[in-house]
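Have a look at the structure first, then read on.

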Amino acid sequence: MEYMRYLALLAALCAAAFAQPPVGFDPSSLNRTVDPCVNFYQFACGGWQKANPRPADQGSWGSFDVLQDRNRIVLHNILESVSANKPGRTAIEQKIGDYFAACMDEKAIDARGLAALKVDLDSIAAIKNKPGVTDAVIHLYSIGSAPFFRFGSEPDAKDSTKIIAGVDQGGLALPDRDYYFRDDEKSIELRKKYVAHLQKTFELLGAPPTDAAKKAQVVMKIETTLAKGSLDRVERRDPNKIYHKLSVKELISLSPGFDWQKFFSAMGTPAFDSLDVSVPPFIRAMESAIVENNLDDLKTYLTWTLLTGARGNLPTAFEREFFDFFGRNLNGAKEMRARWKRCTDQVDGQLPDALGKMFVEKTLGEEGKQRTQQMVAALERALERDIKAVDWMTPKTKEEALVKLHAILNKVGNKAKWLDYNSVPISRDDALGNAARTSLFEFHRQLSKIGKPLDKTDWAMSQPTVNAYYDPQENDINFPAGILQPPFYDNKMDDAVNFGAIGAVIGHELTHGFDDQGRQFDAQGNLRDWWTKEDADAFKKRTQCFVDEYTGFIAVDNVHLKGDLTLGENTADNGGMRIAYMALMDTLAGKAPPKRDGFTAEQRFFLGWAQVWCTNQSDESARTQAQSNEHSTGQFRVNGVVENMPEFEKAFACKAGQPMVRRPACRVW
Ligand SMILES: [Zn+2]
């Protein structure tokens, strides 16, 4: 998962009523009072923004969310139809139906209250000494929580055919390590709110206010210790910085205060002698946290991680408190989402193949799949031509790049094998237990891969997801069924609009194989430098142009986008649009189709792209995104690209000196 380059950022949270199904391009979404050469995003999306106010339960609301909302309704209808306890349900229908029914039963969850957590709270309370911390961590892992660190399996970065064990930094509730250290006014205020949130949560657990206030400080202190040893999101984009293959002995020497051998054997992993310790300084920080804090304080931290891990199925008072901090303060939403939306998303997340299989049967058309596959082929041909044509790369490196391009595996809109959840008991009256058991099932499934060859048929996203990704270690592009619909792909639209939307998305994912991060992996998905120094230098010089360009954009107030954090995504947006444009020109083969809705094919191509990104976003959400997300905000995903394209300048007859004409333009691919 670590390297996956997601196209969209927000795990789709969704919202209220939708009226019109989205289309590939909608002229009524335009704001014709704006000059496209002055602000193309406003021209393309101004009407949409007016007509699609952000629902109260959303921090950000865009075209992506509208589609995710439609998918969610399909999923919800499936769940409603199987959630009644009727005889004759199939095994899959029983699993997803009962999971949903238990999640929806707010009354039962509230009536059971903290009793549902008793065994888990007791396991923490039972710790008698420091070695007992390992036992509590083992227990928490068995119910889907992950205190301190993250443990799982991953392809060996230097030998992608082998799956190895990996331990990585974790244990923080705020979005990035910087949140614990930034000293501007807003950040200090946010930390205060976080501590207040911690205090309220401990009060809900029954602690008197002064005691709860102390516990809140303890959690903040321990998380800050862990944050000190953590890498920030910019550093984590460098694959060499998060790959450290150590022997188990070496790991133990970094943190002798935690019984790693006992932990691994309790997790039931296949035997291993070495593993990837992604961030060794983090393991030392964790050791400090265990050594320097007394037992009661460690119990307090473990209790907090128990609660964060159980989020989604806790009594209403806890869920409201979580929403208040994470939904309202960090994301700018005003109301909690309706329970059916949260529960539908939970089934999608916890039993992805059971619900996803039924979704695919209902929604995925053969035509959409086939046309997308044809577009993938067209995009790959365009990228090949682009690589051959660039003037800054030597023939030797180009040859390697083409080998890599030809090796990319395309996965479009379906799974070859669906998971079988027969071994996971799902009960109609145990929401928390269902979540714990399904998490454990997935955790064990991932761990069972250790020592085995890489299985490329697996997916990192559920099929109803409106998103796509490139995985550099598998060297594959992945398009779930959920995204192969309008506005991304629309049967009723012309090629121009489809190439600007899903075509550019395909180009985006392909380009990730050749962005500043993806380029460090070879055709086999191994972290291996296949670039001559001269070519690497030329590449870096070109990407620096993007870093500077996007750093100049202001997301909200005085918060700029982070050009280095968003570099991979911006490179992919720019490269993706360029090769999508080339592929469209190939398809049109010199013919100029008649104007539609008053726009030429070239103009419709850019409008197709822009309208994918129409968004209404709260200030809180824009701030959080700019500070912790690899994706630029909607406006700059549009304007940041078109201002680099002479093809755009020509299509809309823009003049030098206008805002949408950048000189010199940035370009890598
Ligand atoms: Zn991406």
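## A helix, a hairpin and a zinc site

Let's start with helix α6 (residues 131-142), whose buried residues are G132, V133, T134, A136, V137, I138, L140 and Y141. Buried here means under 20% relative accessible area, with a 1.4 Å probe and protein chains only. Helices (H or I, at least four residues) and strands (E, at least two) are DSSP runs, numbered from the N terminus. This is a predicted model, where local features need pLDDT of at least 70, side-chain atom pairs count only at pLDDT 80 or more, and totals for chains, interfaces and linings use all residues. Residues are numbered from 1 along each chain as its sequence is written, and side-chain values use heavy atoms, leaving out hydrogens and water.

What covers those buried α6 residues? The cover includes α5 (118-125), β3 (149-156), α10 (260-267), α12 (295-310) and α18 (431-447), with contact meaning heavy atoms within 4.5 Å. After α6 comes G144, with a positive phi near 95 degrees.

β3 itself is mostly covered, with six of its eight residues buried. A hairpin of two residues links β3 to β4. The two strands run antiparallel, and eight bridges join β3 to β4 (residues 159-169); strands pair if DSSP finds at least two bridges between them. R150 has D168 as its bridge partner in β4.

Now the zinc ion. Its protein donors (N, O and S atoms within 2.8 Å of the metal, or 3.2 Å for Na, K and Ca; water is not among the atoms, so sites may look incomplete) lie 2.0 to 2.1 Å away:

| Donor residue | Donor atom |
|---|---|
| H508 | NE2 |
| H512 | NE2 |
| E569 | OE |

Along the chain, the donors follow the spacing H-x3-H-x56-E. H508 lies in helix α19 (residues 495-512) and E569 in helix α21 (residues 567-588), so the pair ties together parts that are 61 residues apart in sequence. Both H508 and E569 are buried.

Definitions and conventions: Buried means under 20% relative accessible area, exposed over 50%, partly exposed in between (1.4 Å probe, protein chains only).
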